Amino acid sequence: MNPNDAFILAVGLPVIASPVIYLIGRIATRKNPKVDLARWLALLTLLADGYFLFIAGMEFIQSRHELLIAIGAISLRLDGIALLLAAVVLALGTLVTLFSGPAVARDNGRETYFALLTAMIGTIIGLGAADDLFNLWVWFEAMALCSYVLVAFYRNEAAALEAGVKYLVQSALGTVLVLLAIGLVFANTGSLDLDEIRLAAQPSGLMLAAGALFIIGFGVKAALVPLHTWLPDAHSQAPSGISAMLSGVVIEAGLVAILRALGALHLVTVSWGALLLGFSAVNMLVGNLMALRQTQVKRLLAYSSLSHMGYILLGVGAGAVMGSEYSAAGGFFHILTHAMMKGLAFLAAGALLYSLHQAVGNHDPLVLDDLNGASRKYPLAAFAFSVAVLGLGGLPPLAGFMSKWQIFVGGFQTGNAWIMALVVFAALNSVLSLGYYAPLVNRLYRRQPAGIVEQGRPIPVLMSVPMVVLSLGVVVLGVWPSLADWLTGPAAQSLLMLFGG
Amino acid sequence: MTISIPTTVIIMVLGLIGIGIYALLTTRHLIKVIVALQLLVKGAMLALVLAGRLTGQEELGQSLAITVIIADTIVAVIGMALAVQVRRVIGTLDLRSLTSLRR
């Protein structure tokens, strides 16, 4: 198969399959409420999509030539960053689809859930590969639309609706600011093609304003700190599978959108990368301090996503400022490992939430006290959760240690005093984060089981499979981090091309 | 004294965005918040059309605006659907009552 066609299919298939999944799932459920066809159709679509992405990705990896595709006004470019984002979102999305079956089985509208999840995966693949400023906005908006509905999926719960409203209003304001920035860039350069903008964008006040609008607009989705207030609500109120997707890939997709837009404006000022490093410091500190005082498990994990965004920004920002490929590769490696670890943490928390609360029919949040002694009754979920949070805290030999290590070493190699200070700050933050990760493990293994745990229902097998896969992944990548080099290396080179020329 | 067309449009864009942001900051009613968002998007849309006109690519500018209309309508529909559910479940559209989730 021609790799260009394969990539078109990889982007288009989930988006086109989404309404089909909805319709068939709806008809099947209406005939027999026990049949859950939508889930299996979504899974099939994602597996087929993985095959197409594999063909296109292998061609790119072997030839190192970016695939450029234009269909009418849609232009796509498969480079290292696009491939990394696509691979991460497809892998995590497939596991989440598998996991979500039992979790949403008793809710109305599960066909909506799977149709929108599939569409969201397709739009994120498209977002990573967008080669045109307006295309970038359209993919971004389409991703946001899918996620609004998914966040407010429990539409009869006041808390979920509140989170959905906050998320919608803040994100919609962000996308308007991005549109204004696109208008400014278009009026100044006369083009929307990212490569043409790169050549035409010259330093001027209006272009600086456009860059700032891009950072604020996309930054709402990427959860840069003063713009993060929707995140803890949305991540904690969404269905657990969606929390894993939001935290593992959607905020990273926002970061990729920022990188694409600022990369096109890289001649305007040299300080874009420094700005990212500034956000990195604030994100790490605020995320960790807020996570320390949480009592709900999913809210705690949501705040820890902020601090991990900080580590990613440190690696990527150091790569953009100093042209350090090793550091940038570390940042992208952390995108991959964070997706695995945070995905695993949310899925394990979701499995416990399901068996302790949802299977009994209540919608209370999973609080820290519910974890007490859970390892006796749920050894697998407790083990998976521990692997995930210890990995997030950066303990060797788990994946999170390796990616943080690479970011820190890369930062020191740049020799820049500011970046070295930031690395020390990040290392201190990493220690601080153990202050809330370690007690979670302590609760799981060393406390007496809470009453609610003893009355809990069993965890379905289909929920356990993704947890086992992700736990294995976290351990394997921690022992052999070079296994991910084929993915992170090209992504780092693409980033340097964006910001260096 | 005559005011050129681009100047007029720029004033309208800034006016729409100014009113939209002012309304977003002051109103506490969910439907009015959605209307404010709509005003903001209309301003941005006008900016795209103007950018097309200024660079001599009017068709491109207008096709961008039409695409934005589609996306923007979906946002409004989802927002209204949320508003209906908020009214049903919580019983009010006042955003001050949507504060059960604490930081």
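Analyst: A helix here is a DSSP run of H or I with at least four residues, and a strand is a run of E with at least two, numbered from the N terminus. By that count, chain A of this predicted model has 20 helices and 2 strands.

User: What confidence does the predictor give to chain B and to the complex?

Analyst: Chain B has a mean pLDDT of 90, on a scale from 0 to 100, and 96% of its residues reach 70 or more. For the complex, the ipTM is 0.94 and the pTM is 0.94.

User: How do you know that chain A and chain B are in contact?

Analyst: Two residues are in contact if their C-beta atoms lie within 7 Å. On that test, 29 residues of chain A pair up with 29 residues of chain B. On the chain A side, helix 5 (133-151) and helix 6 (158-189) are the elements that give two or more residues. Helix 6 of chain A gives the most, with 18 residues. By class, this side of chain A has 21 nonpolar, 4 polar and 4 charged residues.

User: Why are helix 6 and helix 8 of chain A called roughly antiparallel?

Analyst: The axes of helix 6 and helix 8 (residues 205-222) of chain A come within 8 Å and cross at roughly 155 degrees. Angles over 145 count as roughly antiparallel, and therefore this pair is given that name. The crossing is left-handed. Residues that make the contact include A:Leu177, A:Ala181 and A:Leu184 of helix 6 and A:Ala210, A:Leu213 and A:Phe214 of helix 8. The contact divides into 15 nonpolar, 6 polar and 1 charged residues.

User: And what makes helix 1 of chain A roughly antiparallel to helix 4 of chain A?

Analyst: Helix 1 (residues 3-31) and helix 4 (residues 110-129) of chain A pack at about 175 degrees, with axes 8 Å apart. That angle is also past the cut-off of 145, so helix 1 of chain A is roughly antiparallel to helix 4 of chain A. Their contact has 15 nonpolar, 8 polar and 2 charged residues.

User: Why is helix 12 of chain A called oblique to helix 20 of chain A?

Analyst: Helix 12 (residues 297-322) and helix 20 (residues 485-500) of chain A pack at about 50 degrees, with their axes 9 Å apart. Roughly parallel needs an angle under 35 degrees and roughly perpendicular needs 65 to 115, so helix 12 is left as oblique to helix 20. This crossing is right-handed. A:Val316, A:Gly319 and A:Ala320 of helix 12 meet A:Ala492, A:Leu495, A:Leu496 and A:Phe499 of helix 20. By class, that contact holds 6 nonpolar, 1 polar and no charged residues.

User: How do you know that the bond joining A:Pro396 and A:Pro397 is cis?

Analyst: Its omega is about 0 degrees. A:Pro397 lies in the loop between helix 15 (379-393) and helix 16 (399-413) of chain A.

How values were computed:
Residues are numbered from 1 along each chain as its sequence is written. Chains are lettered from A and ligands numbered from 1 in the order in which they are written. This is a predicted model: local features need pLDDT of at least 70, side-chain atom pairs count only at pLDDT 80 or more; totals for chains, interfaces and linings use all residues. Ala, Val, Leu, Ile, Met, Phe, Trp, Tyr, Cys and Pro count as nonpolar, Asp, Glu, Lys and Arg as charged, and the others, Gly among them, as polar. Axes are lines fitted to C-alpha atoms, for helices over the stretch in contact, and angles run from 0 to 180 degrees between N-to-C directions. A crossing is left-handed if the near helix is turned anticlockwise from the far one by less than a right angle, and right-handed if clockwise.
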